[in-house]
Amino acid sequence: MEKAKVYFTDLRTRPGQSQLTKLEKLIRTAGIGDIDFEKKLVAIKMHFGEPGNMAYLRPNWAKVVADVVKELGGMPFLTDCNTLYPGLRKNAYDHLNAAYENGFTPFSTGCHVIIGDGVKGTDDVAVPVVGGEYVKEAKIGRAVMDADIFISLSHFKGHEATGFGGALKNIGMGCGSRAGKMEQHNAGKPVVAEDKCRKCHACAKSCGQDAIFFDGTDGKARIDHDRCVGCGRCLGACNFDAISNPESNTNTILDYKMAEYAKAVVDGRPHFHISLVIDVSPLCDCYGSNDVPVLPDLGMFASFDPVALDQACADACLRQEPLPGSELEEKMHSHGFCDHHDHFKNLEPDSEWKACLEHAEKIGLGTCSYELITVK
C-alpha cells in the first residue's frame with residue numbers, strides 16, 4: 001500500500017490570521033472539496049466534553065468544518081453516542097444539555113446536534129465488519145449510519161486504556177451505541193490490590209454499573225465481576241495503583257475491536273478526518289475535570305486515512321519533551337520508573353496503542369505509512 005497523505009499546520013498566527021482560518025486552509029488543502037457534498041447529510045463526529053472538563057475541542061473548531069461543508073453543498077450535523085459510565089452524557093436528554101452547556105448549539109456551530117444512538121442509547125444498527133476477526137457486526141448509532149458522508153473531528157489526548165484517544169477512538173468507540181461500547185470493553189475485568197486501596201471511593205464514583213462496593217470488614221474496594229463491563233474507568237480514577245487488569249491482553253483486544261468498529265463506520269461511504277493536537281491531557285474528555293497538558297500544543301492534522309492520521313499525531317507527540325509539572329513528567333521522575341521510550345506507555349504502561357493501528361492496517365482500514373505535508 002502506498003503512503004497516505006497527512007496534512008499538517010502549526011498553531012502560529014500573525015496579524016490578520018487566526019487558528020480558525022488556518023484550520024479551514026488545512027482541510028481545503030487536504031482535499032475535503034474533492035468529496036461530493038451536494039444535498040448530502042454529513043455526520044461530523046466529535047466529543048462535546050463532559051461538563052467540568054476544559055480540554056475538549058471548542059465549538060469554534062466545529063463551526064469551521066460545518067461552514068466548509070455547507071459551502072460545498074452538504075447538510076452537516078454534529079454527533080456523538082451515549083456513554084456507559086455516570087456523568088451527563090449517558091442519555092440523549094442529558095447529553096444534549098451537556099453539549100449546550102459546553103457551547104455546542106446551532107447558533108455557535110451553524111448546525112444541529114444529533115445524539116447518534118437515540119434517547120437511551122439503544123437506537124443502533126448492526127453493521128457488518130468486513131475482515132473483522134473479533135467483531136462480525138458492530139453496533140453503531142443509527143444517526144451516524146444514516147449520514148451519507150462521515151467526518152471525524154478529534155481531540156488528540158491521552159487515555160487510560162488505549163494510550164491515546166485520536167481518530168480511531170473517536171470513530172470506533174465514539175460511534176458505538178451503549179451496547180457497542182460494552183462489546184468493545186468486555187475482554188477483561190479489573191481487580192483490586194487491597195493492600196494499596198486507600199478507601200477513597202474514587203473508583204466507585206467513576207463506575208457506571210454500580211460494580212464497586214465497600215461492605216467488607218476492612219472497608220476496602222471490591223469489584224462485582226457480574227456487574228462489571230470492563231470499561232477501565234476505575235483504573236484511571238485510582239491515584240494509588242490499587243486497581244489493575246490481570247489479563248495482559250485485555251487492552252490489546254480492546255484496541256482490535258475499536259479498529260474493527262471504526263472500519264464498520266467508514267466502509268462504503270466518503271470519509272474525512274481531522275485531529276487537533278492541543279491541550280493534550282493525560283486522560284480523556286469523558287472525565288468531568290482535566291489535568292494540565294502533558295505535551296506542548298503541536299497543531300492540526302487532516303487526512304482521508306484515519307490510521308495514517310493517528311500515526312502522524314502519535315509520532316509528532318513522541319518527538320516532544322514532557323511539559324514541566326505535568327503528570328507525565330512526574331511519573332518519569334518517580335521512584336522505580338521504567339522508561340518505555342513512549343510517552344503514552346509511560347503514562348499508562350498497560351496500554352497498547354500500536355496494536356490498534358497495526359490491526360486497523362491489517363483489516364484494510366488504512367496504512368501506518370504516511371507522507372507529511374506542511375501547510376503554511
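Okay, glycine 325: this one is partly exposed, with a relative accessible area of 49%. Keep in mind that we're looking at a predicted model here. Glycine 325 sits in the loop between helix H11, residues 306–318, and H12. What does glycine 325 touch, leaving aside its neighbours within four places in sequence? The answer is Val292 and Glu330. With valine 292, the separation is 33 residues in sequence, and the two C-alpha atoms are 8.3 Å apart in space.

Staying with loops for a moment, there are two residues I'd like you to find on the screen. Histidine 341 is in the loop between helix H12, 327–332, and helix H13, 343–347. Its phi is positive, about 55°, although histidine 341 is not a glycine. Just as background, most residues other than glycine have a negative phi. Is histidine 341 buried or exposed? It counts as exposed, because its relative accessible area is 70% and the cut-off for exposed is over 50%.

The other one is aspartate 279, in the loop between S14 and strand S15, 299–303. Aspartate 279 is not a glycine either, and it has a positive phi of about 45°. Here the relative accessibility is 28%, so aspartate 279 goes down as partly exposed.

Now a histidine with other surroundings. Histidine 359 belongs to helix H14, residues 353–362. Its relative accessible area is 4%, so histidine 359 counts as buried. And who are the contacts of histidine 359, not counting residues up to four places away in sequence? They are Glu133, Tyr134, Tyr256, Ala259 and Glu260.

Right, on to the sheet. We have an open sheet of eight strands with mixed pairing, and the order is S4-S3-S2-S7-S14-S15-S1-S16. S4 and strand S16, which is 370–374, are the edge strands, each pairing on one side only. On average, neighbouring strands of this sheet are turned by 25° against each other, ignoring direction.

Strand S4, residues 112–115, runs parallel to S3, and four bridges join them. If you want a pair to click on, phenylalanine 77 stands opposite histidine 112 in S4. S3 itself covers residues 75–80, and five of its six residues are buried.

Next along, strand S2, residues 41–45, pairs with S3 in the parallel sense, over five bridges. There, lysine 45 is opposite threonine 79 in S3. How do you get from S2 to S3? Through helix H2, residues 59–71: S2, H2 and S3 make a right-handed β-α-β unit.

On to S7. S2 and S7 run parallel and are joined by four bridges. Isoleucine 44 has isoleucine 151 as its bridge partner in S7. Then on to S14: strand S7, residues 149–155, and strand S14, residues 271–277, are parallel too, with six bridges between them. In that pairing, serine 152 stands opposite histidine 273, and histidine 155 has leucine 276 as its bridge partner.

So which residues of S7 lie on each face? On one side you have Ile149, Ile151, Leu153 and His155, on the other Phe150, Ser152 and Ser154, and all of them are buried.

Last topic, helix packing and domains. As a reminder, two packed helices are described by the angle between their axes and the distance between the axes. For helix H7, residues 178–185, and helix H10, residues 250–266, the axes come within 8 Å and cross at roughly 145°. From H7, the contact takes in Gly180, Glu183, Gln184 and His185; from H10, Leu254, Lys257, Met258 and Tyr261. Sorted by class, that contact has three nonpolar, three polar and two charged residues.

And where do the domains fall? Domain 1 is 4–185 plus 250–374, and domain 2 is 191–244. The C-alpha centres of domain 1 and domain 2 are 28 Å apart. As for how they meet, nine residues of domain 1 are in contact with 12 residues of domain 2. That's what I have for today.

Technical notes:
Residues are numbered from 1 along each chain as its sequence is written. This is a predicted model: local features need pLDDT of at least 70, side-chain atom pairs count only at pLDDT 80 or more; totals for chains, interfaces and linings use all residues. Side-chain values use heavy atoms; hydrogens and water are left out. Buried means under 20% relative accessible area, exposed over 50%, partly exposed in between (1.4 Å probe, protein chains only). Two strands pair if DSSP finds at least two bridges between them. A crossover is right-handed if, with the strands pointing away from the viewer, the path from the first strand over the helix to the second runs clockwise. Axes are lines fitted to C-alpha atoms, for helices over the stretch in contact, and angles run from 0 to 180 degrees between N-to-C directions. Contact means heavy atoms within 4.5 Å. Ala, Val, Leu, Ile, Met, Phe, Trp, Tyr, Cys and Pro count as nonpolar, Asp, Glu, Lys and Arg as charged, and the others, Gly among them, as polar. Domain bounds come from an automatic or database domain assignment.
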